[in-house]
Amino acid sequence: DLALVKDPIDSEIVHAHTWYMSLAGFYAKQLYDIKLVTTVHSLEPKRPWKAEAMGNAYRLSTWAEQTGLTASDKIIAVSKADREDIVDCYGINSNRIEVIPNGVDIEKYRKREDPSALRKYGINKPYVLFLGRLSRQKGVFETVKASDGFPKEVRLVLVTGKADEKGLENELAKEVRRRENIIWINKMLTEKETVALYSDAEVFVSPSVYEPFGIMNLEAMACSLPVVSTKVGGIKDVVLDGETGILVSSGSPVEVAEAVNKLLGDPILAKRMGESGRRRVEKEFSWETIAEKTLALYESVL
C-alpha cells in the first residue's frame with residue numbers, strides 16, 4: 001500500500017476501496033494532505049471464517065481496515081445494513097457514512113439467448129443457477145443441499161471462482177460427487193458466458209450467510225431472472241421479497257428448495273418477478289445513477 005502512494009498525488013481526493021486499499025488511502029492522506037473517501041464492500045470483523053485461511057494475519061487485515069476507515073473524511077457504505085455494520089464494528093459516527101449502492105452495466109447485463117455457453121458446458125434446461133466465490137459466506141453448501149429437493153428433471157449449475165481456502169474445494173467436490181443433478185463449473189467465466197447462463201436459467205440462487213450488497217443478485221435481476229436469496233445484509237436493499245424474488249432464512253436449505261420449487265411451479269410468477277427485477281435495476285442501479293451520487297459526495301467533501 002505504501003508503494004502505491006510513493007509518487008506525489010496532486011488530486012483533491014483519494015478514493016480507496018475495501019480493506020486492501022485502506023492503508024494506501026491513509027498514507028495518501030497523511031503524505032499529501034488530501035481528502036480521503038473509502039468505500040466499504042465488506043467488513044473483516046463480519047467474516048470470522050477468514051481466520052481459517054489467514055491465521056493471525058486476519059488480525060492485521062482488521063487493523064488495516066479500521067485505520068483507513070477512522071481516517072476517512074467520508075465513508076461510502078453499499079447498503080443500509082453495511083452502514084449499520086460499520087457503526088457497530090468500529091464506532092464511527094453514522095453522519096460520516098453515505099449509502100451509495102454498487103451498480104451494473106445495464107447494456108451488458110440483459111437477457112440474451114446464447115446456446116453456445118450451454119453446449120460448451122454440457123448444460124440441459126431446465127436448470128437453477130448458483131454463481132459466486134467458493135466461500136462459506138456465499139452459501140454454496142446450503143445450495144447443494146437444497147438441490148436434493150429440486151424436481152428430478154431440474155439441474156443445479158454451480159459456478160464457483162477461486163476458493164477462500166483449499167480445503168473448501170475438496171469439501172465441495174465430495175458433496176457434488178454424491179449427487180447426479182449438479183453440473184459444477186469450477187472456474188471464472190467470461191462476461192459473455194455469465195450473461196448467457198443467467199439468461200437461460202429458471203431461477204438464480206444466492207443464499208449468502210453474510211452479504212453487504214450482493215452484486216450477483218443484481219446481475220441476475222438485470223438479466224430478468226427471479227432470485228432466491230437470504231434475508232441478510234444488503235440483499236434486502238437489492239432483492240424485493242415477493243416482487244423481484246423470494247428471500248429466505250440464512251442457513252436453511254429446506255427454505256431455499258421450497259422457494260425455488262415455488263418459482264419452478266409457477267412460470268407466470270417467475271416471469272413477472274424477472275421483469276420486475278429488470279425494471280428495478282434500470283431505475284435504481286445503473287452506473288449513471290451511482291456516478292451522480294458519487295460526484296455529489298465528492299463535492300460535499302470538498
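I call a residue buried under 20% relative accessible area, exposed over 50% and partly exposed in between (1.4 Å probe, protein chains only). Helices (H or I, at least four residues) and strands (E, at least two) are DSSP runs, numbered from the N terminus.

I am reading a predicted model, in which local features need pLDDT of at least 70, side-chain atom pairs count only at pLDDT 80 or more, and totals for chains, interfaces and linings use all residues. Residues are numbered from 1 along each chain as its sequence is written, and side-chain values use heavy atoms, with hydrogens and water left out.

**Helix 11**

I looked up which residues of helix 11 are buried: V256, A257, A259, V260 and L263. Down the axis, these buried residues fall within an arc of 165 degrees, so they line one face of helix 11. The arc uses directions from the helix axis to the C-beta atoms. On the other side I found V254, E258 and K262 exposed. The buried residues pack against several elements, including strand 5 (127-134), helix 6 (140-146) and helix 12 (267-284). Contact here means heavy atoms within 4.5 Å.

**Helix 12**

Next I checked the buried residues of helix 12; among them are L269, M273, R278 and R280. Their cover includes helix 9 (215-222), helix 10 (235-238), strand 10 and helix 11.

**E44**

I then went to the loop between strand 2 (35-40) and helix 2 (51-54), where E44 lies. E44 counts as buried because its relative accessibility is 0%. Leaving aside neighbours within four places in sequence, I listed its contacts: W19, K50, Y58, S61, T62 and E65.
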